[in-house]
Amino acid sequence: MNNKKQVQSHWKWTCFVLWMIAGCSNPFADIPASPTVPTPDNTPQVTPTPSITWSGIRPNRSPITGGIEVVFLGSDLDSIVAIRFGTIETREINHVDDQHLRVMVPATNTPGIVDVTLVANPANTHTALPGPIGFEYFLPLKLTNINPNATYCDAGAEISIQGDGLTDRSQVSIDNIRVAVADQPDLQTINVILPELSAGPHTVQVQNINGSDILVDALLCKTHLNITQLDPNRIMIGEETRVIMTGTGFTRDMRIALYDTVFEINGVSLDGTRAEFTIGAQQRPEGPYDLYVQTHDEQRVISNALLFIDPNQQGTRIIAHTPQAGVTHGGTEVHFFLAGDTTLTDATATFDDLPSPCSTPRPHELVCVTPAHAAGNVNVGIELGSTWLQSPQTFTYVELSIDHLSTQTGSMAGGTWVRMFGSGFEQGLAVTLNGKPVRDLRIESSTRATFLSPENNIGPATLALTHRNATITQNNAFTYFDPYDATYATWGGSIAGSINITVLDTGGVRLKNATVVARAMGQPDRIGITNAQGQVTLSHEFLNGPVDVHTAFAGHAGFSWIGLASRNASMTLTKFPPPQQDPLPECPAPQSHFPALIRGNIVRIKDEFNTGRDVVSVTTTAPELGVDNPPPGAKAVVLQQGAYEILSRTGPLVLIATAREPKNSTLVAHALGFRGFVNVPESSGTMCHSDGDCDAGEVCWGEEFTLCLAVLEGIDIVIDTPMDGSLRVDLSNAPLDSNATSTMPNTARVDVWYDMQPLGVWSLHASPSQEAHMLTLPMPRTMPSNLQSFYYNVQATVGRTAMMMLPEGVRNFGSFSNSNQQIDEATFTHIPTTLFAYGSEHGDLTFTHGSFTHQVHTLAPTAHVHILYDIEVVQACKTAPPMGRAKIRWYVFASPNTATFNIPAFPASSGNITLEQGVHYWQATTLHTPDVSFETLVINALFDSLSRGLNATEFTVSAPDSTPL
């Protein structure tokens with residue numbers, strides 16, 4: 001061999017190895033794309049020797065306890081005598097037929113993926129399924145604990161569920177009602193957010209891919225502390241008194257006290273509804289006193305609960321009245337506490353000589369309602385028949401009223417901006433909702449004030465105003481709700497001072513401490529941090545739609561709503577891919593990825609499929625879309641029938657023989673043959689001179705260089721499927737334009753590809769057409785019975801020649817006899833690449849795109865979707881080739897009329913958007929979805945099969961610095 005041939009041979013060998021292992025240029029590039037048609041082979045057919053092939057296990061996982069039945073799929077399986085799961089062998093095999101085996105899975109001690117080996121008879125040969133697609137033993141789902149197992153089950157409270165087999169995306173239910181997962185810190189713990197639950201025991205259930213488990217009555221919802229009655233409530237000063245208290249939530253270790261004295265508890269009932277305590281001989285001034293009751297986590301104050309009376313004072317008298325102030329328009333309940341011999345029937349109170357009727361809720365207590373009176377101090381008293389009793393205290397009338405609130409609803413997270421209208425608003429005014437003080441109270445005038453709602457549980461809330469000891473309340477003045485909706489990403493009507501944001505990750509876990517920024521035109525930014533439920537409300541008087549909202553969280557891509565006009569919105573953050581290991585680990589020993597040879601015969605059993613002019617080509621399914629098979633070689637094409645040979649990829653696959661006949665200078669397919677469930681082994685790939693240099697089952701193959709390749713003999717393919725079906729695709733109103741100067745699409749194209757599940761994918765046909773709205777494609781009449789479980793995919797695209805094609809696709813399952821697919825609006829608008837991005841390392845990034853040059857068929861955009869990303873170069877291990885992977889930096893959903901938007905710079909602690917020096921990418925797509933609006937947006941609907949791409953572009957921007965991008 002001369003030096004030139006030696007160099008060529010060495011290069012081909014080196015490239016062949018690299019191509020098999022890492023993906024080099026094609027070493028068979030010199031094989032003609034259309035090989036010379038070989039002479040027909042009339043050699044008599046030989047019945048092939050059965051060879052075991054198999055393609056999968058259903059199901060391919062079992063709990064470590066085993067005991068479930070699995071089905072093996074393949075061919076020639078009737079000679080199998082045993083199956084090994086890892087190192088554990090079972091011989092309890094049910095041979096359904098030569099293509100199906102049923103086996104009870106044996107138990108094991110360790111979870112994980114194991115190789116599965118088929119043991120054949122009589123030579124005890126093995127066929128192994130590689131580990132990565134092997135059989136998985138898993139820990140069955142088993143719940144062990146609820147923490148805390150007893151708690152107050154208010155809306156928004158959290159509990160932890162512990163157990164084994166808790167995978168990601170576990171679903172949690174309480175009493176068969178689905179509850180939200182807050183986060184899952186590890187595979188033994190799930191933290192969930194409780195809805196409001198009634199007191200008593202509740203059943204907790206978890207379901208995931210590892211099974212389902214239930215803890216019956218495992219969660220005890222405790223009863224809140226509440227006091228309804230004290231008997232007696234009058235205490236004689238200097239005497240010991242035993243008091244019975246009734247209510248709910250009493251515990252043996254609770255504390256009962258006046259502000260300066262703790263009482264002895266004599267006993268508590270088992271159901272916590274009755275307690276008894278002793279008040280020792282007390283020396284204190286006469287009057288009503290508040291009682292404090294406290295358990296280990298709750299406290300109640302009962303105003304004026306105990307009335308202390310001096311037994312040494314004689315005569316009927318008013319000891320005190322409370323409150324000592326009320327509002328000028330009247331209606332304040334005033335409690336009068338009396339001592340002595342009194343008959344409280346027919347009692348009337350007077351406020352500055354204005355009478356007020358009274359009731360008697362307890363002995364020696366009157367409750368009277370104030371009449372209207374001008375502001376100021378007045379004398380008060382009680383008329384008991386002919387007896388007049390003067391109160392030792394005066395009563396103060398205060399100007400104070402509630403008219404209405406600007407909004408009556410708000411998020412449970414608090415922070416909703418509210419303007420309150422009424423009268424008597426002055427400095428010193430106190431405002432509460434359900435007893436919690438409002439935030440950022442601002443007195444604008446005596447009739448107007450603003451505040452932010454406090455955090456509260458879901459449901460109605462009572463508004464209370466207190467000023468100069470006068471208090472007024474309004475029940476159901478404000479209602480709290482949960483702004484998160486699992487269906488709608490934006491909803492709730494127009495923005496009027498507040499927006500409610502829920503921040504989640506792609507697994508549905510709510511993110512605490514995410515930073516959220518809201519921007520309204522001409523107004524300062526509103527910034528907030530999400531709470532434990534991943535929620536925050538941002539408010540301002542001038543915060544009205546449309547509003548730009550941005551969020552960031554450390555280790556995640558940002559998210560923005562541009563031009564948001566809805567009160568409630570969810571923002572889903574994508575986690576950055578894990579960083580490259582440092583230092584890099586050692587690479588595992590290289591695995592062979594050499595192809596194999598398949599040999600057999602093309603068999604024609606029906607004359608109607610043989611025109612006498614057919615050219616038959618053989619191929620296999622590809623492992624996935626976008627991954628090429630090895631070049632098949634010249635012997636993969638035969639005339640009519642006879643022997644073939646194909647260089648094939650490894651793994652489970654389908655062989656397809658396509659018969660074509662010449663028509664109009666082209667070859668048109670008219671019949672097919674399938675050979676399914678062929679499991680192709682890997683080859684050793686060792687260099688050789690003859691077959692004797694190779695292992696059993698391999699041959700020495702090649703011309704200028706030779707390698708040992710595995711070979712499957714006798715794999716015959718019968719052509720028995722006519723392509724007499726048809727698929728009609730109607731591109732109604734497709735915007736095709738043959739004008740050379742137009743920017744409109746001038747080409748339509750239809751592609752069909754088949755997803756044969758574990759056996760790979762196969763593209764049958766691609767049909768370009770100019771100025772054609774109806775495209776018809778030939779389809780096979782049917783598929784073999786053992787290949788019926790598959791999807792076929794139809795994708796129609798329109799665009800300009802050599803330009804981006806925008807897909808309009810449908811996806812169908814199963815049989816495809818004569819079928820018509822209607823794609824109603826295959827639309828396209830070309831957008832020029834006049835898109836700009838300006839920004840600096842510490843400032844905002846501003847994005848602007850040019851206006852649309854065409855609006856097709858009056859379709860208005862539903863939303864513009866922008867993705868800002870860059871490409872990271874990483875290595876899996878020390879000697880592995882570098883690989884690029886996309887790192888999404890920001891998702892932006894923009895309203896239909898938005899052309900310019902800003903992305904704010906966030907601090908590093910909350911997810912810094914500052915881009916490192918280098919090249920970054922921005923992809924923009926405009927979508928139209930029927931019956932979907934930006935104000936009530938369902939994200940899934942925006943990207944479903946009805947959605948239409950109106951325009952799309954992708955281009956490169958450099959990293960921001962002090963100059964424009």
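Strands β24 (264-268) and β25 (residues 274-279) pair in the antiparallel sense over 4 bridges. Pairing here requires that DSSP finds at least two bridges between two strands. Strands (E, at least two residues) and helices (H or I, at least four residues) are DSSP runs, numbered from the N terminus. Gly267 stands opposite Glu276 in β25.

This is a predicted model, in which local features need pLDDT of at least 70, side-chain atom pairs count only at pLDDT 80 or more, and totals for chains, interfaces and linings use all residues. Residues are numbered from 1 along each chain as its sequence is written, and side-chain values use heavy atoms, with hydrogens and water left out.

**The sheet around β24**

The pair β24 and β25 belongs to an open sheet of 4 strands. The order is β20-β22-β25-β24, and the pairing is antiparallel. The edges are held by β20 (226-231) and β24 (264-268). Each has a single partner strand, so one side of each is left without a neighbour in the sheet. Neighbouring strands of this sheet are turned by 25° against each other on average, direction ignored. For such angles, axes are lines fitted to C-alpha atoms, for helices over the stretch in contact, and angles run from 0 to 180 degrees between N-to-C directions. Strands of a sheet pair through backbone hydrogen bonds, either parallel or antiparallel.

Strand β15 (residues 171-174) runs antiparallel to strand β16 (residues 177-186), and 3 bridges join them. Ile174 stands opposite Ile177 in β16. The two strands form a hairpin with 2 residues between them. In the turn, Asp175 has a positive phi of about 55°.

β16 also pairs with strand β17 (residues 189-193), again in the antiparallel sense, over 4 bridges. Here Val181 faces Val192 in β17. β16 and β17 form a hairpin too, with 2 residues between them.

**Disulfides**

The count comes to 4 disulfides, a disulfide being a pair of cysteine sulfur atoms within 2.5 Å. Among them are these, with their S to S distances:

| Pair | S to S distance |
|---|---|
| Cys358 and Cys368 | 2.0 Å |
| Cys688 and Cys700 | 2.1 Å |
| Cys694 and Cys708 | 2.0 Å |

Cys358 lies in strand β32 (residues 354-362) and Cys368 in strand β33 (residues 365-369), so the pair ties together parts that are 10 residues apart in sequence. The link of Cys358 and Cys368 is right-handed, with 105° about the S-S bond. Cys358 is partly exposed, at a relative accessible area of 23%. Cys368 is buried, at 0% relative accessibility. Buried means under 20% relative accessible area, exposed over 50%, and partly exposed in between (1.4 Å probe, protein chains only).

The link of Cys688 and Cys700 is right-handed as well, with 100° about the S-S bond. Cys688 sits in the loop between β60 (666-680) and β61 (698-702), and Cys700 in strand β61, 12 residues apart. Cys688 is buried at 3% relative accessibility. Cys700 is buried, with a relative accessible area of 18%.

The link of Cys694 and Cys708 is left-handed, with -85° about the S-S bond. Cys694 lies in the loop between β60 and β61, and Cys708 in strand β62 (residues 706-712), 14 residues apart. Cys694 is buried, with a relative accessible area of 13%. Cys708 is buried, with a relative accessible area of 0%.

**The whole chain**

The secondary structure comes to 2 helices and 77 strands. Of the 965 residues in the protein, 48% are buried. The protein exposes about 45200 Å², and carbon and sulfur atoms supply 50% of it. Accessible areas come from the Shrake-Rupley method with a 1.4 Å probe; for residues, only the protein chains shown count as cover.

**Confidence**

The protein averages a pLDDT of 80, where pLDDT is the predictor's confidence in each residue, from 0 to 100. A score of at least 70 is reached by 79% of the residues. Among the elements, helix α1 (residues 3-21) has the lowest mean pLDDT, 30. Strand β41 (residues 430-433) has the highest, 97. Over residues 802-841 the pLDDT is below 50. Beyond near neighbours in sequence, this stretch has 161 contacts in the model. Over residues 850-857 the pLDDT stays under 50, and the model has 29 contacts for them beyond four places in sequence.

Technical notes: Contact means heavy atoms within 4.5 Å.
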